[in-house]
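Dear colleague,

Please find the structure below, handed over for your records. My notes on what was found in it follow.

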Amino acid sequence: MLIWKRNLWVLWIGVFFVSASFSMVIPFLPIFLLQIGVHEHTEVWSGLLFSAAFFAGAIASPFWGRVADKYGRKPLLIRAGLALFVVYTLTAFVTNPYQLLGLRIMQGLLSGFIPGAIALVGTNTPSNKVGYALSMISSASASGGIVGPLLGGGIASLVGNRVAFGSAGMFALISTLLVIFWVTEENFTPSKEKGSIMNDFKVAASNRSLMLVLALTAITSGSVMTIEPVLPLYIVDLGGSSQHASLLAGIVFSLPGIASVIFAPLWGKWADKVGFQKVLFIGLMGGGIGTIAQIVFSNIWGFSITRFIFGIFFCAVFPALNGLVVRSTPKEFRGRAFGLHQTSNQIGGMIGPIIGGILGGIFPVQTVFVVTGFLLLAATGMAYLHANDLNRDFKTKVVSEK
């Protein structure tokens, strides 16, 4: 088997396990707070726990990107996987919310397995297969996100949340061992450039294509997270007072992830033929229209079908953005580029839930869907107006200079 194909399948499994470990733990943190005796200001503590890792990650990502360019993406993956193993395992033993908050901050500062996997695949895959490879990694993340809550909920109900957290740690350790023994980083030239993170920001600011991708990533990530605080309750309301409403909410909530598993590789193959900008444009437009269309139906079946169709289009967006990071940067800067890309993602992840929570608290919940849809359509307009910049390939310029 070709090395890039072996890397892709090993990292598919690794990303699947890491994504599953994350979704085994995170959805159950509010419940775990009650179990360790936090009965006052529970919502505040829950918000802190969710946002702490995003905030820490936004700060740390550029630093780890610089380290990856100097020492390689594989060492970065191993470090991140071991950090997740330690954090999740220690979470099983916490006795108060301060310890839990400290571990969440540590997770944000030290993790980065999935962005590292994206950077390694994007750099060590033939250029005509990058779209397909990045979409496969996206489908692995989506698959883990679907399976994780089922595993976490099942383990927690049988033997408790602490064992579920410990199991998540073992998943992260398995991913790390896979990388250590079966991933080979071929195309790596250590960056000998001396500088600082501020200098990296200046280099990125001079790259118009990369800056557009970072802006689109922040808007898109923020749009997705805007709807997160209100979506589960909205699904339960549509399902009525049925005793199976919570189960139905979980199924409907996972529909975009299921669509991603099925359709993301197809979008990736198409992106390799027509370009990432076109796929990004179609994905954003379909995502924006699909988000607004979800409020048309007042029954759970119509909403579910529309949400699945939304997932078919939206699953094209993040792999296309990742592909554009690869296309718009030289290999020796790519680790730092993905670090900045992760920072944009984290910033959107922090701001989005705040906007969604405020809108959902003041206006009808349908307003959140409309605002989210228009944000995605605004990003669509940006992708269309700046198509020439997004289609610019950095490697073409490197070849001409040689």
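**Aromatic pairs**

Across the whole structure, which is a predicted model, a search finds 14 aromatic pairs. One of these aromatic pairs is formed by Trp267 and Phe313, whose arrangement is tilted, at 6.2 Å centre to centre with 50° between the planes. Because Trp267 lies in helix H13 (residues 255–274) and Phe313 in helix H15 (residues 300–314), the pair ties together parts that are 46 residues apart in sequence. Trp267 counts as buried at 14% relative accessibility, whereas Phe313, with a relative accessible area of 29%, is partly exposed.

**Crossing of H7 and H16**

Helix H7 (residues 130–159) and helix H16 (residues 317–328) have axes that come within 9 Å and cross at roughly 135°. The two helices, H7 and H16, are therefore oblique to each other. The crossing in which H7 passes H16 is right-handed. On the H7 side, the contact is made by Val130, Leu134, Ser135 and Ser138; on the H16 side, by Pro319, Asn322, Gly323 and Arg327.

**Gln342**

Gln342 is placed in helix H17 (residues 334–362). With a relative accessible area of 18%, Gln342 falls under the 20% limit and is therefore buried. Leaving aside residues up to four places away in sequence, Gln342 touches Ser61 and Pro115.

Yours sincerely

How values were computed
Residues numbered from 1 in each chain as written. Predicted model: local features only at pLDDT ≥ 70, side-chain atom pairs only at ≥ 80, totals over all residues. Heavy atoms only, no water. Axes fitted to C-alpha atoms, helices over the stretch in contact; angles between N-to-C directions. Helix = DSSP H or I, 4+ residues; strand = E, 2+ residues; numbered from the N terminus. Parallel < 35°, antiparallel > 145°, perpendicular 65-115°, else oblique. Left-handed = near helix turned anticlockwise from the far one by under 90°. Contact = heavy atoms within 4.5 Å. Buried < 20%, exposed > 50% of the residue type's maximum accessible area, 1.4 Å probe, protein only. Phe/Tyr/Trp six-rings, centres within 6.5 Å; stacked < 30°, edge-to-face > 60°.
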